[in-house]
Amino acid sequence: MPADERFEDVVDPVDGTRWRIDVGFLESSWTCLWGDGCQGILDEPAAHLMQGCCSVGAEMLDEDEAMLVAALGATLEPEQLQHHAEAAEHGFFSDDTRTNTRVVDGACIFFNRPGFPGGVGCALHRAAEAAGEPVIDWKPEVCWQLPLRIDRDGDTATLRRWSRADWGSDGETMHWCCTERPSGPDQADAYVGDRPVIESLAEEIEALVGTDVMVEITRRGGRRRGGG
Ligand code: SF4
């Protein structure tokens, strides 16, 4: 268990969901290190690949999300999507079940590699920004949720940090997990942000828990920091 893991309960006044929230993580200085030392999710440190958590295909929430991702992907031009030809020939998904995006040469089909003239990184992310639209409207939910994760059990929902176990058996051999504190000199430290997660990921957290719960956890955090 992470040393700073600390859960608080908040009940959503609208739908009655009992949220268990790891406020220890939301008040931590974790920050995404993509392009700035992120060592990726492979068995070896791989900052040079700049793949972040895109080394595996993104898991779709449901068929509606698969349809949305396919529709948005189809709007991308070859200048925006390095694997445009691959997508045109084989589609965006690994198979007909459309549960995961296709992996091409060791990373998600939407991931543009370093050196691609259209820019490195997720082509959907870049296209959303170019269109002046929220990234969370373009990317699969799991991609903008990371490193946050929700577990639902009846009317209880837990919002917590992603862990190695969430990567399945791959997590056991991953060199690095960005939500863990570094365990040695060859590990990057992602707890170096200049503001708490509740601020840096405010848009994503609110999209996950809703406005009422977001307001309450922000209020409690402010009170803990002596803000009234
Ligand atoms: S969420 Fe973690 S693994 Fe993914 S890009 Fe950011 S630092 Fe890297």
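**Entry 1: domains**

Domain bounds, as I use them here, come from an automatic or database domain assignment. With that settled, I looked up how the chain is divided in this predicted model. Domain 1 takes residues 1-44 + 146-228, and domain 2 takes 54-145. I then looked up the contact, and found 14 residues from domain 1 and 12 residues from domain 2 taking part. The centres of the two domains, taken over C-alpha atoms, are 24 Å apart. Between them, domain 1 and domain 2 bury about 970 Å², with 67% of that on carbon and sulfur atoms.

**Entry 2: the ligand**

Which residues are around the ligand? I listed W30, C32, L33, W34, C38, G52, C53 and C178. Sorting this shell gave me seven nonpolar residues, one polar and no charged.

**Entry 3: helix α4**

My next stop was helix α4, residues 123-131. I noted A123, L124, A127 and A128 as buried. Why do they end up on the same side of α4? They cover an arc of only 135° around the axis, and that puts them on the same side. When I turned to the other side of α4, I found E129 and A130 exposed. I also checked what covers the buried residues, and the cover includes α2 (63-74), β5 (111-112) and β6 (121-122). Just after the helix comes G132, with a positive phi of about 70°.

**Entry 4: helix α8**

I repeated the look-up for helix α8, residues 202-209. Here the buried residues I wrote down are E204, I205, L208 and V209. Seen down the axis of α8, they fall within an arc of 110°, so they line one face of the helix. G210 follows α8, and its phi is positive, near 90°.

Where is T158? I found T158 in strand β8, residues 156-161. T158 has a relative accessible area of 12%; buried means under 20%, so T158 is buried. Leaving out residues up to four places away in sequence, T158 touches F7, R20, R149, I150 and D151.

F93 sits in the loop between α3 (84-90) and β3 (103-104). Is F93 buried or exposed? At 7% relative accessibility, I count F93 as buried. With residues up to four places away in sequence left out, F93 touches M60, A66, V69, A70, R98, N100, T101 and R102. I looked at A66 again: F93 and A66 are 27 residues apart in sequence, and 8.5 Å apart in space, C-alpha to C-alpha.

A reminder to myself: most residues other than glycine have a negative phi, and most peptide bonds are trans. I went looking for exceptions.

- M50 has a phi near 55°, a positive value in a residue other than glycine. M50 lies in the loop between α1 (23-26) and α2, and at 22% relative accessibility it counts as partly exposed.
- R98 also has a positive phi, near 55°, and R98 is not a glycine either. I placed R98 in the loop between α3 and β3. At 26% relative accessibility, R98 counts as partly exposed.
- The peptide bond from L146 to P147 is cis, with omega near 10°. P147 itself is in the loop between α5 (141-145) and β7 (148-153).

Definitions and conventions: Residues numbered from 1 in each chain as written. Predicted model: local features only at pLDDT ≥ 70, side-chain atom pairs only at ≥ 80, totals over all residues. Heavy atoms only, no water. Buried < 20%, exposed > 50% of the residue type's maximum accessible area, 1.4 Å probe, protein only. Helix = DSSP H or I, 4+ residues; strand = E, 2+ residues; numbered from the N terminus. Arc of directions from axis to C-beta. Contact = heavy atoms within 4.5 Å. Near = heavy atom within 4 Å. Nonpolar A, V, L, I, M, F, W, Y, C, P; charged D, E, K, R; others polar. Buried area = accessible area lost by both parts, 1.4 Å probe.
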